[in-house]
Every structure is written in structure tokens, then in C-alpha cells.
Amino acid sequence: MSTNLQIDDRLIIKARELGRHKTKRDAVTQALKEYIQRMEQKKIVKLFGKIDYDPDYDYKAQRNKH
């Protein structure tokens, strides 16, 4: 899907420099991936304190199985 956007050139230049992206497209794609990841993480944070865990679960024993 082709999309034309008017994005502030200063932002694109800075993003390309910081991310060492070769193209504007690479910079925008990476930015969108990170934005989506951040929004997904926010969903998880809302679950804190709302999930009941098994008190008998031994996470240390699970680590030793690998």
C-alpha cells in the first residue's frame, strides 16, 4: 500500500541519523514498529494487579528445567 505523508523533514533527518537508517522509509517503518510495541506494552501494564497467580507456582524450579 502506497501512502504519501507530509512529515517534518527535521524529524526524519534526526530519526535517520539516530537509527542509522539508509532511507526515510526504513526510519518510518522502525518508528511505527516501536510505536506499536509501546502501545501493546501499555495494554499489559493495565493488567497489573488484576491477575491472580497460583501461590504454589515455583518460578525458580521452572528456570532450572532449561
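Hi everyone, let's start with the surface: Arg38, Lys42, Lys46 and Lys50 form a positive patch. Patch members have over 30% relative accessible area and no salt bridge, with like charges joined within 9 Å. Lys and Arg count as positive here, and each charge is placed at NZ of Lys or CZ of Arg. Areas come from Shrake-Rupley with a 1.4 Å probe.

Before going on, a word on the source: this is a predicted model, where local features need pLDDT of at least 70 and side-chain atom pairs count only at pLDDT 80 or more, while totals for chains, interfaces and linings use all residues. Residues are numbered from 1 along each chain, and side-chain values use heavy atoms, leaving out hydrogens and water.

Helices are DSSP runs of H or I, at least four residues.

How many salt bridges are there? Two, taking a Lys or Arg side-chain nitrogen within 4 Å of an Asp or Glu carboxyl oxygen. One joins Arg10 and Asp8 at 2.9 Å, N to O. A side-chain oxygen of Asp8 also comes within 2.8 Å of the backbone nitrogen of Arg10, at the start of α1. The other pairs Glu40 with Lys43 at 3.5 Å; these two are three residues apart in α2, so about one helical turn separates them.

Finally, Arg20, in the loop between α1 (9-19) and α2 (24-45), has a positive phi of about 55 degrees although it is not a glycine.

Notes
Polar contact = N/O pair within 3.5 Å; in protein donor to acceptor, adjacent residues only side chain to side chain. Patch = residues over 30% accessible without salt bridge, like charges linked within 9 Å, V, L, I, M, F, W, Y side chains within 5 Å.
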